[in-house]
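Hello,

Here is the structure for your files. My notes follow below it.

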Amino acid sequence: MPKYTLIYFNFKARAESTRYLFHLSGVEFEDRKMSHEEFHQFKPSLPLGQLPVLEVDGEQLPQSHAILRYVAGQVGLDGSNDWERAKADVVLETLWEITPQCHQLYRQNDGTEKAELRKTFEEEHLKNNLEKLEKLLKQNNGGDGWFVGNKVSLADAECYAGYVDFLPYLLGKKPDLSKYPQFEALIRRFEELPQIAKYIERRPVTDM
């Protein structure tokens with residue numbers, strides 16, 4: 001078994017969905033959380049000078065999406081065949097469509113402009129994203145299970161991390177999922193998985 005070390009800061013953000021995959025699978029890994037002081041010392045040795053990084057037997061892999069897909073494949077949570085893996089990618093690409101708007105909102109410091117951006121984001125971009133995710137979920141077993149196949153995958157983990165771990169921090173409140181019942185049920189189903197519930201109960205409390 002390879003030795004896995006996931007290196008990031010002491011918050012969720014770009015590493016949490018990968019942490020979920022490790023906990024779901026029961027595969028051991030070191031969850032190394034750096035302070036910003038440690039990061040600046042360690043930065044020159046990083047492949048791209050940024051975190052997260054996954055170390056596998058001493059080899060370093062950067063970029064959170066590459067790490068997510070790699071770990072999912074290693075622990076068997078990327079779909080049961082090539083078609084399911086492609087369908088999982090469809091979910092990921094759909095979820096990530098709102099990334100530019102998230103970055104724009106996150107980086108805006110002017111209070112008035114931030115309020116306008118938040119309003120547009122919620123009424124247009126978030127609504128459109130949720131409609132698409134609800135539609136994709138319904139295409140698999142009527143939306144009563146997971147996004148692909150018959151078991152949880154990286155698609156479910158990443159959607160949970162996005163809508164539960166990150167967006168409440170960005171918006172200052174939980175996104176309203178009430179108009180998307182299948183997706184809302186998926187979120188509950190994911191956090192009620194024994195491995196996930198146990199991890200969430202024990203992990204450090206952070207803003208993001």
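Helix α1 (residues 16-25) is mostly covered, with 8 of its 10 residues buried (under 20% relative accessible area, 1.4 Å probe, protein chains only). Among the buried ones are R19, Y20 and F22. G26 follows α1 and has a positive phi, near 80°. Helices here are DSSP runs of H or I, at least four residues; strands are E runs of at least two, all numbered from the N terminus.

This is a predicted model: local features need pLDDT of at least 70, side-chain atom pairs count only at pLDDT 80 or more, and totals for chains, interfaces and linings use all residues. Residues are numbered from 1 along each chain as its sequence is written, and side-chain values use heavy atoms, without hydrogens and water.

Next, the aromatics. The structure holds 13 aromatic pairs (Phe, Tyr or Trp rings, six-membered for Trp, with centres within 6.5 Å; planes under 30 degrees apart are stacked, over 60 edge-to-face, the rest tilted). Y160 and F190 form a tilted pair, 4.9 Å centre to centre with 35° between the planes. Y160 is in helix α7 (residues 154-171) and F190 in helix α8 (residues 181-191), 30 residues apart. Y160 is buried at 3% relative accessibility. F190 is buried at 1%.

Why is the pair Y163 and F183 edge-to-face? Because the planes stand at 75°, with the ring centres 5.1 Å apart. Y163 lies in α7 and F183 in α8, so this pair ties together parts 20 residues apart in sequence. Separately, Y8, F9, F11 and F39 form one aromatic cluster.

Best regards

Note on methods:
Buried < 20%, exposed > 50% of the residue type's maximum accessible area, 1.4 Å probe, protein only.
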